[in-house]
Structures are given as C-alpha cells and as structure tokens.
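Dear colleague,

Here is the structure I promised to pass on to you. Please have a look at it first, and then read on for my notes on what was found in it.

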Amino acid sequence: MNPNLELAISAFAGSAALTSLFVILALIGTLNPYHRPAIPMLGASIVIFASTYLFAHIVGIPANSIALRLTMSEGVLALLDIIPIAFLLCTFMFLQASLRKRPEDPLLALLESEPGSE
Amino acid sequence: MSPWAAQVWLGMAITIIGISMHRTGPAFRRHPFGIPLALLGLAVMLFRVEKPPHPESEVVAATMDAAMWLLPALAGSTLVLIGAPLYWRTRLLPLLAGWALIVVAWYQYYSIMNVALSDALRGVSALLGMTLALAVFALCVRTAERMTPQEPETEPLSEKEKKYVESVLRRHLEVADEP
C-alpha cells in the first residue's frame, strides 16, 4: 500500500479511537444521577474497536491488545500534530478578547460600585 | 502489557477524567478534585522508574517534547483569559504576562517544529477521525435523549412553595421595602 495512504488511515483510525476513549473517560468524569451514558459509551466503544480493526488490517497485524495500544499511540501522536492548529485559532480569539471593549452594562456597573467588589 | 505501559495509559485516563471533572459545576466554583486529579494523572503518566516499552515510549517522548511549548501556552492562555475584559475590566498585569508566555510558546514551537507534507496529511486525517468520533457520539446522545421517557407535567407551586421562592428572590435581590 502507498505509505502516505497508510499514514493517513493510521492517523484517521488512531484519532477516532483516541477521541472515543476521551469521550468514555469524560462520561466517567462527569457521571451524575441524570446521566444516561449507556448508549454513548456503546457508540464510543464500537468506534474504538472498529478503528483498531482498521488499523490492524492496514498495518497487517492481528487485531488484539497490541493493535489497540498501537492505535491509541498513533492517535496521541496525530493529536499532538494538530494541537498547534487549535492553538493558532485560540491565539486569534485571545487577541480579539484582549482588544475588545467591554459593553457598558448598568447591572455590572451597579455590582462594581458595591464595596468589596473588584 | 507491561506495568510501565499500563502506567502510561492509566495516567492519561486519570488526567482526562480530572479535566472532565473540573469542567463540571458553575464557572465560579469548579469541582474541587478536578485539577488535583488531572495533575496526579500527569505525574503517573510521566514519572516512572523504567522506560515504558514501544509504543508507549514514543507517546511519552512526544508528550515531553510538546510540553516544552504546551506548558507556556496553557499558562499564557489562562493569564490572558484572566486579564482580558471578558467579565470584568482589563487586568493589565495578567494580560501582559499571558501574552509574553504565548509569545514564548510560539517561539518554542517554532524552534522545534519540523513541518513536512506527511504531517499535513496526518493532521487532516486526524481531524477527520476526530470529527467521525464526535459525530457518532452526538448521534448516540441524540438517540439516548429520544429514548428517555417524557416526565409528566410539573404541578404548580403550592402557597408554601410560592412564599419560599419569593423569600429567596427577595433575599438575593435585596428588596428593602416590604409590601
């Protein structure tokens, strides 16, 4: 297979699996009595297993726990590659936020005039 | 799987759970265990006695390399958000310190970056993979919400409840004149 295509599919499968793992962990971290996490967890698990199978098929290894670790590792490396793009967008948003003028709000003005407030 | 490989993934899992936990609750009072848990996860992931095996060793090495610019980027972003006129007036000191750290982060990234065509291909593929995973998640959430039975219509407030709500509103709005 074309090495570039293999690289692209590996990154695709890895980032899909890692994002789904993050979804599962986020559901665990924010668990509360009003949550209904069963279906989202099932969906995320299916994405993880399908991505691992795709990765194993592309690389030519059996779809086992080693393939799962390799898929997740590929996901971390791919994610680290796109973080600078996200940071670039954030930098522009920070620039806008820093240069904006806060709209005058009579309620906020009232709040700020109270003793002890900033 | 060796214990050192498991340690890397366990640390990452604890970090993500900690960050998610931190995001719960109102903005002015986040979950108290979120940040400590995330820091514990990072410590578990990065501090170890033996070098983890392949492929976790590459993950740890890449994370350490990225931390060189990610740490000033995160600290700078936090300071800019504190100093920018989002909720209050501009706070000049945190704002300037934040921008200084963001410049340092970009300089650090520029000094270590090595952009190739394959990286762009990998980045685009990674974005598509993330989009797919998030789309599946959104679809699952929609399905779960549709399957949730509707609750019956709420009964109107009783006189006692009305008086209680009124008293709470009065206390919070600080109404001085009694009717």
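Please keep in mind throughout that this is a predicted model. I begin with the place where the two chains meet: 47 residues of chain A are in contact with 47 residues of chain B. On the side of chain A that touches chain B, the elements that contribute two or more residues are helix H1 (3-29), helix H2 (38-59) and helix H3 (65-99) of chain A, and the largest share of that side, 20 residues, comes from H3(A). Sorted by class, the side of chain A that touches chain B holds 29 nonpolar, twelve polar and six charged residues.

Turning to chain A by itself, you will find four helices and zero strands, and buried residues account for 39% of its 118 residues. Of the contacts in chain A between residues at least 6 apart in sequence, 63% join residues at least 24 apart.

In chain B, how do helix H1 (residues 3-22) and helix H2 (residues 34-46) lie relative to each other? Their axes come within 7 Å and cross at roughly 165°; angles over 145 degrees count as roughly antiparallel, and H1(B) and H2(B) are therefore roughly antiparallel to each other. H1(B) passes H2(B) in a left-handed crossing. Among the residues that make this contact are B:Leu10, B:Ile14 and B:Ile17 of H1(B), together with B:Leu37, B:Gly41 and B:Val44 of H2(B). By class, the residues of the contact of H1(B) with H2(B) comprise 14 nonpolar, seven polar and no charged.

With best wishes

Key:
Residues numbered from 1 in each chain as written. Chains lettered and ligands numbered in written order. Predicted model: local features only at pLDDT ≥ 70, side-chain atom pairs only at ≥ 80, totals over all residues. Contact = placed C-beta atoms within 7 Å. Nonpolar A, V, L, I, M, F, W, Y, C, P; charged D, E, K, R; others polar. Buried ≥ 20, exposed ≤ 12 C-beta atoms within 10 Å, placed from the backbone. Axes fitted to C-alpha atoms, helices over the stretch in contact; angles between N-to-C directions. Parallel < 35°, antiparallel > 145°, perpendicular 65-115°, else oblique. Left-handed = near helix turned anticlockwise from the far one by under 90°.
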